[in-house]
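Please consult the sequence and the structure alongside the text.

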Amino acid sequence: MFKAKKETSDGKLALILLLPSALLILLLIGYPMLSNFYISFFQQSINPNLPSEFIGFENFSETLGDAEFYKSLGITLLYTLLVVAGSTALGLYVAILFNRPFKFRKLARSLIILSYVTPSISLIFAWKYMFNNGYGIINYIGRDILHIFDRAPLWFDNPTSSFILVVLFAIWRYFPYAFIAFLAILQTISPTLYEAAEMDGANIWQKFKAVTLPAIMPVMMTVITLRTIWMFYMFEDVYLLTNKVNVLGIYLYETAFAFNDLGKASAISVILFCIICTLIIVVRKRVNLNASS
Amino acid sequence: MPAVNTKSDKMLKRAFFYVGMALLLFICLFPFFIMLMTAFKSSEEAIATNPTFFPEQWTLRHFVDIFNPDIFPYLTYLQNSLMVSLTASLISVGIAIFGAYALSRLNFRWRIQINASFYMVYMFSGILLIVPLFKLISGFGLYDTRTSLIIIMIVQTLPTAILMLNSYFETIPKDLEEAAKIDGLNRVKVIFYIIIPLSFAGIVSVFVYCFMVAWNDFLFASIFFSSSENFTLPVGLYSLFSTPDYVWGRMMAASIVTAIPVVILYAISESLIKGNTTDGGVKG
């Protein structure tokens, strides 16, 4: 290896090349994150002309004593759990379906990832229209044709059906991410491994457990961890779809920009950050976050 | 029953497979189908209580209407979105190339630590930073300017862009560089003559990633902008939701036109990756 020779000589060039990235990230990600901690000790409104007042841990005690916070936390955890489980399982299942040659495979693959590629705002309008209470096609099919329900669920007005709606939307939108990741790793598994397992008399489930699962485990851990983080922080999809599902992202957003309480919003940010940090520390040993893109 | 694996058995299996695949595609594509059909329906037909799959009378009116600035502000939003997304992603990719090169090729102190710190970004989702960034942007006097969104989109995409490029650069053989250096190219020239051309597919896909993030952003646009002439597509279209401009056909036409640039860009980057190298250097 040539490395030892120029151990330090690259330092100056590296500094120059990295400087723009490092400065921007420090100024607009690092500093803001730290200033969250600072702002969370103040009573502060959006208007910069109003004085801010140091109030110690009041924002934290207010948040942690707020029943709305726990309700929101519960909804977010359930939402995250259902979407992560649903999108990962569906993604894996579809990837296994695709892991064999068939006609139009390439085309089908492209069509499947369409929901993942299309901007949220476009998809939201289609869903809002499809699930409309009065003239939506879903209610029409469910009520008048298939008779699944007698009375149309008010998809955007009833908290429970709104919750089902945002979960379905997220699984539909994000399972292709898991699908792409799983398909890539499935294609690296040598067919001889399956042949060997078959010779030992393994059935489909045993083959899955003995060959597929160990091979895809690292990718699965990464997919689950990243999807968990992303769903836990979700704001846009839910906010755009309905105002009846108050996930933490929306709770935070509204505390800041609807209730004009920047200090409390910062305190919520700090709490959410600590929850995700704990998660990362727990899974850090087993997950390679590198594998994503 | 351990019956003999006959030919008809196999046929049946295959039929099941194709039926399942068709069903899967139907569910995946149904909202797109509805979007497309509604865009071609007349306004009255779109809100009929007995919805139909296909328009009784096809019309292109909505596609014409959204580009008419007198009745629908779509063009303004489109221009803003293009301006913000293109500028932000070009700058982000430009900066990231140098950063990623330093991290993947140069030896310096803290390299591993700096590299590891980029993975932390997964913990700092945009939503956590809205309060401090709102204060910073207001403090710089950039509130209600498109510059504010460009700057934030650069920073929001930069860490992932560096990580992605870093892994592409790792796939380029180091020998090529060594050879070029013997031929007298310095490090900076190596970046321009060796690294950038060889990882072109990777650079395009990183650009597409950045573009998509900026194109999709609703969160920051919704807190940085107050006047509608600055709105990008997501905030702009969302703001029309409860106004008289809200005609389903128009919104669906607007949704389709909004999705097209991103879908095309994604398709280009996919085809480049597959055509260029065997593995394309995509990890995961």
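## A helix residue in chain B

B:Ala102 lies in helix H4 of chain B, residues 74-105; helices are DSSP runs of H or I with at least four residues, numbered from the N terminus. The model is predicted, so local features need pLDDT of at least 70 and side-chain atom pairs count only at pLDDT 80 or more, while totals for chains, interfaces and linings use all residues. Residues are numbered from 1 along each chain as its sequence is written, chains are lettered from A and ligands numbered from 1 in the order in which they are written, and side-chain values use heavy atoms, leaving out hydrogens and water.

With a relative accessibility of 0%, B:Ala102 counts as buried (under 20% relative accessible area; exposed is over 50% and partly exposed in between, with a 1.4 Å probe and protein chains only). Leaving aside neighbours within four places in sequence, B:Ala102 is in contact with A:Ala14, A:Leu17, A:Leu18, B:Phe108 and B:Arg111, where contact means heavy atoms within 4.5 Å.

## Aromatic rings

Rings of Phe, Tyr and Trp (its six-membered ring) pair if their centres lie within 6.5 Å; planes under 30 degrees apart count as stacked, over 60 as edge-to-face and the rest as tilted. Over all chains, the count by this rule is 49 aromatic pairs. One edge-to-face pair joins B:Phe67 and B:Tyr74, at 5.8 Å centre to centre with 90 degrees between the planes. B:Phe67 is partly exposed at 35% relative accessibility, whereas B:Tyr74 is buried at 0%.

How values were computed:
Helices (H or I, at least four residues) and strands (E, at least two) are DSSP runs, numbered from the N terminus.
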